[in-house]
Amino acid sequence: MTKSNPGNYFEDFKPGMEIIHATPLTVSAGDNSLYRALTGSRHALYSAETFAASNGFSSLPVDPLLAFHVVFGKTVPDISLNAVANLGYADGKFLKAVYPGDTLTAISEVIGVKENSNGKTGVVWVRTRGENQKGETVLSYVRWVMVHKKDPASPAPEVSAPELPDAVAAKDLSAPDYTNWNYALAGSKWRFGDYEVGEKIDHVDGMTVEEAEHQTATRLYQNTAKVHFDAHAQKDSRFGKRLIYGGVVISIARALSFNGLESAAQMLAINAGTHAGPLFAGDTIYAWSEILDKTELSSKTGALRLRLVATKNHPGADFPLRGDDGKYHPDVLLDFDYWAAIPI
């Protein structure tokens with residue numbers, strides 16, 4: 001018996017199983033600053049305490065994606081240490097603001113399992129919630145992961161695949177009333193009524209990801225996945241080198257989306273997400289967005305449903321997504337569907 005953690009294999013996951021993940025993390029103002037340094041995030045709501053306080057927050061909040069990555073990172077040693085790939089996200093809700101000084105803990109429930117036809121791997125669905133020090137759920141989401149079996153000869157479990165919503169319902173979204181939104185300080189005059197369903201926006205800017213940067217980001221989230229760190233082991237992998245954590249792609253693409261969506265600052269929900277291709281150090285991320293839907297939350301605040309597409313070494317002016325065969329364009333890294341609040 002070893003005292004070190006070898007991680008769970010597909011056979012270890014059973015529907016209804018609950019996992020309390022180590023290690024709680026107190027998020028600091030320094031984490032907020034480092035997150036901005038690593039992603040280039042520029043939204044005023046997460047940059048200026050004065051701006052946030054004038055729009056319904058008690059102080060400068062933590063970027064919802066930073067909170068998401070912290071909670072996600074807690075789950076890796078138990079859920080995806082032996083994963084082949086993280087396949088997707090759904091039904092993600094940001095329920096309460098997180099502030100520096102809050103301590104986040106992650107708890108996951110296994111909600112589905114399905115062995116793959118090759119008998120060597122299987123898909124595991126988990127619903128993870130992040131709680132603060134008061135026991136309040138600040139965020140929750142579903143993800144599914146392809147995980148290696150420890151023994152290919154072990155019998156396949158009964159299939160138990162959950163039904164998931166196509167999107168978080170608009171009635172389940174909440175955001176403060178943006179009563180004192182300063183458009184000049186936010187960086188754009190565009191507001192809720194200026195965006196139309198079906199509109200596409202090329203975010204123009206690109207960001208090259210360096211080896212040290214993506215490793216620092218992933219360490220910030222305490223994500224221990226081997227594929228991101230162990231160059232010695234990864235030299236014998238399919239790609240022959242380390243992969244960049246998909247959360248780095250999400251955050252940088254979201255930061256790039258500032259150019260065109262400056263006032264759509266607060267992420268409210270994650271409807272779906274697919275990591276369509278791998279990213280490596282030295283590659284450049286570009287991004288474009290499509291307005292999928294919109295809804296009014298109050299007389300002061302609305303929400304845009306946005307598709308965020310990240311590409312590799314391919315500027316977004318031609319809006320690459322899928323080919324005629326329905327498959328993702330080879331340069332597409334991420335297809336991410338989310339709701340964001342914006343002033344009316």
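Predicted model: local features only at pLDDT ≥ 70, side-chain atom pairs only at ≥ 80, totals over all residues.
User: Which residue in β11 does I291 stand opposite?

Analyst: Strands pair if DSSP finds at least two bridges between them. Strand β10 (residues 284–296) pairs with β11 in the antiparallel sense over eleven bridges. The two form a hairpin, with four residues between them. Opposite I291 stands L306.

User: Which residue in β12 does L304 stand opposite?

Analyst: Strand β12 (residues 332–343) runs antiparallel to β11, and eleven bridges join them. Within β12, the residue opposite L304 is A340.

User: How much space lies in the largest pocket?

Analyst: A pocket is an open set of points on a 1 Å grid over the protein atoms alone, where a 1.4 Å probe fits, with protein on both sides within 12 Å along at least five of seven lines. Points are joined across faces, edges and corners, and a volume is the space filled by probe spheres set on them. For the largest pocket that gives about 1,000 Å³.

User: Which element gives the most to the lining of the largest pocket?

Analyst: Lining residues have an atom within 4 Å of a point. There are 39 here, with V84, A85, N86, V227 and L243 nearest the centre. Elements that each supply at least two include α3 (64–79), α7 (246–256) and β9 (266–275). The top contributor, with six residues, is β3.

User: How many residues of the lining of the second largest pocket are charged?

Analyst: About 370 Å³ of space lies in this second largest pocket. Its lining has 26 residues, and F57, L95, K96, A97 and V98 are closest to its centre. Ala, Val, Leu, Ile, Met, Phe, Trp, Tyr, Cys and Pro count as nonpolar, Asp, Glu, Lys and Arg as charged, and the others, Gly among them, as polar. The lining holds 17 nonpolar and four polar residues, and the charged ones number five.

Terms used
Residues numbered from 1 in each chain as written. Heavy atoms only, no water.
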